[in-house]
Amino acid sequence: MRRQIIPHAISAVALLTLGAFIPAEAADNAAIKEKAAACSGCHGENGISQTENIPSLAGQPDQFLQWQLVFFRAGARKNDQMQPIVEGITNEDIRNFGAYFASLAPPKGPEDGDPDLSKKGAQVAAGRRCASCHTDSYAGTKAVARLAGQREEYLVKALHDYKAGQRVGGGVAAMADVAYHMSDEEITAVSHYLAHLK
């Protein structure tokens with residue numbers, strides 16, 4: 001499988017321009033909230049997505065959110081809807097958006113209509129050692145994504161993208177290795193399990 005590596009220049013520039021992920025000050029929280037409101041059209045009110053294949057941002061770790069915006073802005077990660085948005089954001093915006101969405105209450109998993117599938121998914125997650133990076137509660141940490149309560153079909157898409165080598169970003173080598181060896185049935189099961197975690 002061919003792996004895509006992020007150019008060193010992107011990583012170096014990202015670290016320098018983001019100031020090593022210094023958290024945003026809360027002094028101008030109203031202005032940050034107003035700017036972030038533009039994100040709600042796709043990512044949902046208070047960062048909880050109601051739209052298929054669009055992730056919830058609420059409760060994602062600050063550094064993870066910042067990195068994704070850097071990857072989009074640098075063109076390392078591509079999305080037709082995100083590209084025109086990120087072209088106009090500043091480093092300060094990136095820091096502010098990261099801090100703002102990280103501060104919001106994360107989505108709660110919906111009622112589980114298929115507990116047997118969740119049981120299989122829990123076994124897949126344990127077998128693939130997902131918690132070793134994403135934490136025991138799958139809440140994510142630092143530059144590692146929160147998985148608990150994320151939209152199920154988005155998790156399926158993300159895993160398929162990693163498996164196909166179509167997604168780049170932090171941790172891509174680890175995620176590509178994990179996803180590459182997963183069957184479609186395992187991807188479906190683990191996505192269901194993680195999406196329904198409370």
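Which side chain of opposite charge is nearest to Arg-167, a residue that has no salt bridge? You are looking at a predicted model, in which local features need pLDDT of at least 70 and side-chain atom pairs count only at pLDDT 80 or more, while totals for chains, interfaces and linings use all residues. Residues are numbered from 1 along each chain as its sequence is written, and side-chain values use heavy atoms, with hydrogens and water left out.

Let's start with the overall plan. The chain contains 11 helices and 0 strands, where helices (H or I, at least four residues) and strands (E, at least two) are DSSP runs numbered from the N terminus. Following the sequence from one end to the other gives the pattern α-α-α-α-α-α-α-α-α-α-α. Of the 198 residues in the chain, 42% are buried. Here, buried means under 20% relative accessible area, exposed means over 50%, and partly exposed is in between, using a 1.4 Å probe and protein chains only. Contact means heavy atoms within 4.5 Å. Among contacts between residues at least 6 apart in sequence, 73% join residues at least 24 apart.

Arg-167 sits in the loop between helix H9 (152-163) and helix H10 (172-180). Arg-167 is buried, and the nearest side chain of opposite charge belongs to Asp-161, 5.9 Å away. For charges, Lys and Arg count as positive and Asp and Glu as negative, while His and the chain ends are not counted. A salt bridge needs a side-chain nitrogen of Lys or Arg within 4 Å of a carboxyl oxygen of Asp or Glu. Arg-167 does have a polar contact: its side chain and that of Tyr-162 are joined at 3.4 Å. Such a contact is a pair of N or O atoms within 3.5 Å; within protein, one must be able to donate a hydrogen and the other to accept it, and residues adjacent in sequence count only if both atoms are side-chain atoms. Setting aside neighbours within four places in sequence, the residues in contact with Arg-167 include Phe-64, Gln-68, Arg-77 and Val-172.

Where do opposite charges pair up? Side chains of opposite charge can pair when their charged atoms come close. The whole structure has 5 salt bridges. One of them joins Lys-35 and Asp-93, with the closest N and O atoms 2.6 Å apart. This pair links distant parts of the chain, since Lys-35 is in helix H2 (residues 29-36) and Asp-93 is in helix H6 (residues 91-103), 58 residues apart. Lys-35 is partly exposed at 45% relative accessible area, whereas Asp-93 is buried at 9%.

Another salt bridge brings together the side chains of Glu-111 and Lys-198, at 3.5 Å from N to O. Glu-111 belongs to the loop between H6 and H7, and Lys-198 to the segment after H11, 87 residues apart. Glu-111 is exposed, with 69% relative accessible area, and Lys-198 is exposed too, with 62%.

A further salt bridge, 3.2 Å from N to O, connects the side chains of Glu-186 and Arg-128. Glu-186 is in helix H11 and Arg-128 in the loop between H7 and H8, so the pair ties together parts 58 residues apart in sequence. Glu-186 is partly exposed at 24% relative accessibility, and Arg-128 is partly exposed at 26%.

Two packed helices are described by the angle between their axes and the distance between the axes. Helix H7 (residues 115-127) and helix H11 (residues 184-195) pack at about 105°, with axes 7 Å apart. Axes are lines fitted to C-alpha atoms, for helices over the stretch in contact, and angles run from 0 to 180 degrees between N-to-C directions. H7 and H11 are therefore roughly perpendicular, a label for angles of 65 to 115 degrees; under 35 counts as roughly parallel, over 145 as roughly antiparallel, and the rest as oblique.

Most residues other than glycine have a negative phi, and most peptide bonds are trans. Thr-135 has a positive phi, near 75°, and so does Tyr-138, near 60°. Thr-135 is partly exposed at 23% relative accessibility, while Tyr-138 is buried at 7%.
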